[in-house]
Amino acid sequence: MARILLGVSGGIAAYKALEFTRLAIKAGHSVRVVQTPDSVEFVGKASFEGITGAPVLISQFERDPAGGAFPDQQRPDHDPIGHLELAANCDVYVIAPATANTVAKLATGFADNMLTALALSCRKPILVAPAMNNDMYVNPATRANVETLRSRGITVVEPGVGELASKGEFGVGRLPEPADLLAEAERLIAGDEAAFAPRSLDGLRILITAGGTREPIDEVRFVGNRSSGKMGFAIADEAAARGAEVTVVAANVALARNPAVSYIDVSTAAELETSVNEHFSGADALVMAAAVADFRPVDPAAGKIKKAGREGMTIEMQATNDILAGVAGSKRDDQVIVGFAAESGTDLLAEATRKLESKGLDLIVANDISDPSIGFESGDNEVTIIGSDLVAERPPRGSKRAVAGAILDRVAALVADLQAPTERRGRPA
Ligand code: CTP
């Protein structure tokens, strides 16, 4: 749980700030909102007050009924100076959307409203999410202002490219999706050592595979699968937020990267295997979330196979190595190995248990890929986690990040158990 201060300035994308607030509260954070006077033309105070259960401030001269406290805090018995107290109490200050005007004021150090005055007095991480019309964003004045903010250590998330909120407009300037903004804010909080108490994976090295491998048929085509990498990346983000040193071997994943995580990009099962074998000995835990091809074309063609003269075609395939079974066979006693079992059908748990035992794993995470609401591209998941003692646990259905948390709780407990006597001594660097 963190205290998120949200500053909303006056752009059409202000409506997305409502969703950001809702998601932040759903994730367990305590949120206070300040608005610029113009932003009230787009979204009213009452909406934010309703969601946060706390007053919204606009002017630095208005009295804060909560005395600068966040919803989880006691109101102080005096009236502190609002723009100092909220800045002191928050763990991160998110300014979203930040209009061209607000970005310019932040860059010059203006303090003419509550939002800008707070930015000037805030010593916590600040995240600015500009959103505006394409021409305003690419204007050299705005570009220079953004660079100024960055040079002062403020995190500026680049706006997205696509349809803008105002009808018919297209270009760069879209506010990122609220869930992505929240993930970015959580990363900043996690990087700020003073902010978060429980860092259950501090000092651990976790190797995670994500995505789906591609086995070439020729230089253009491949045999692949629908894994998006979302689950593996969510585990990586959560593990990094809990203090782990995280390496992700990413097989064809087109998702945003977390600066707190190291990534190694691979394409085929053989490349993924080489990379896992190279990094496994230095890891305390391996989480194998990637969907690895079981078969590869025996003889990929050079160039592009031509259609002319063929009635049909047969591709001869050969089995790939089972990477998990390989590393599990050579693992040290202090290492934890987690596999995934994506199954479609009624024998989900029996099949997952069979894989757990035959591959020699410590945990297996089973999910039902026939349910489209928790499928490959979905942001949600529902899993059953089975341990080598065959005890099965079913955390509540939730975002992939929340499910990642449940998996990592088990990993942390197992590692602590295995490593307790040796205190993680003697690992290769
Ligand atoms: N896996 C692996 N190497 C492979 C295939 C799978 O390491 N060549 C890993 C996956 O990353 C996953 C686990 O094994 O963590 C189970 O993968 P899954 O595809 O469900 O099982 P398979 O053993 O391939 O069996 P089947 O495809 O027949 O269900």
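In the predicted model, strand E4 (residues 126–130) and strand E5 pair in the parallel sense over 2 bridges. Within this pairing, Val128 has Val156 of E5 as its bridge partner. E4 also pairs with E3, again in the parallel sense, over 4 bridges. Here Ile95 stands opposite Val128 in E4. These pairings belong to an open sheet of 5 strands with parallel pairing, in which the order is E2-E1-E3-E4-E5. Its edges are formed by strand E2 (30–35) and strand E5 (155–156), each of which pairs on one side only.

Of the 5 residues of E4, 5 are buried, so the strand is largely enclosed by the rest of the structure. In a regular strand the side chains alternate between the two faces of the sheet. In E4, Ile126, Val128 and Pro130 lie on one side and Leu127 and Ala129 on the other, and both faces are covered. Helix H4 (residues 100–108) lies across strand E3 (92–98) and E4, and its direction makes about 140 degrees with that of E3.

A further open sheet has 8 strands in the order E12-E11-E8-E13-E16-E17-E19-E20, and its pairing is mixed. The edge positions are taken by strand E12 (262–266) and strand E20 (392–393), each pairing on one side only. Parallel pairing is found between E8 and E11, which are joined by 7 bridges. In this pair, Leu207 stands opposite Thr247 in E11. E11 is also joined to E12 by 5 bridges, and these two strands run parallel. Ala251 stands opposite Val266 in E12. Strand E11 (residues 245–251) is mostly covered, with 5 of its 7 residues buried.

Antiparallel pairing occurs in the sheet between strand E17 (residues 363–368) and strand E19 (residues 383–387), which are joined by 5 bridges. The bridge partner of Leu363 in E19 is Gly387. Helix H13 (residues 400–419) packs on this sheet and touches strand E8 (205–211), strand E13 (285–288), E16, E17, E19 and E20. The direction of H13 makes about 10 degrees with that of E19. Helix H12 (residues 348–359) lies across strand E16 (336–343), E17 and E19, and runs at about 150 degrees to E17.

Salt bridges were then considered, with a count of 27 in the model. One of them links Arg75 to Asp79, with 2.5 Å between the closest N and O atoms. Arg75 has a relative accessibility of 33% and therefore counts as partly exposed. Asp79 is likewise partly exposed, at a relative accessible area of 42%. A second example is formed by the side chains of Arg221 and Asp218, at 2.5 Å from N to O. In this pair Arg221 is partly exposed, with a relative accessible area of 34%. Asp218 has a relative accessibility of 2% and counts as buried, because buried means under 20% relative accessible area.

A salt bridge is also formed between Asp371 and Arg397, whose closest N and O atoms are 3.0 Å apart. Asp371 lies in the loop between E17 and strand E18 (380–381), and Arg397 in the loop between E20 and strand E21 (398–399), so the pair ties together parts that are 26 residues apart in sequence. Both partners count as partly exposed, Asp371 at 21% relative accessibility and Arg397 at 40%. Elsewhere, salt bridges that share partners join Arg143, Glu147, Arg150 and Glu158 into one network.

Phe295, Met313, Ile315 and Met317 make a nonpolar surface patch of about 350 Å². Within this group, Met317 is found in strand E15 (residues 317–319). The relative accessible area of Met317 is 32%, so this residue is partly exposed. Arg22, in helix H1 (residues 14–26), counts as partly exposed at 38% relative accessibility. Arg22 and Pro178 are 156 residues apart in sequence, and their C-alpha atoms are 9.3 Å apart in space.

Terms used:
Residues are numbered from 1 along each chain as its sequence is written. This is a predicted model: local features need pLDDT of at least 70, side-chain atom pairs count only at pLDDT 80 or more; totals for chains, interfaces and linings use all residues. Side-chain values use heavy atoms; hydrogens and water are left out. Two strands pair if DSSP finds at least two bridges between them. Contact means heavy atoms within 4.5 Å. Axes are lines fitted to C-alpha atoms, for helices over the stretch in contact, and angles run from 0 to 180 degrees between N-to-C directions. Patches are made of residues with over 30% relative accessible area and no salt bridge: like charges are joined within 9 Å, nonpolar side chains (Val, Leu, Ile, Met, Phe, Trp, Tyr) within 5 Å. Accessible areas come from the Shrake-Rupley method with a 1.4 Å probe; for residues, only the protein chains shown count as cover. A salt bridge is a side-chain nitrogen of Lys or Arg within 4 Å of a carboxyl oxygen of Asp or Glu. Buried means under 20% relative accessible area, exposed over 50%, partly exposed in between (1.4 Å probe, protein chains only).
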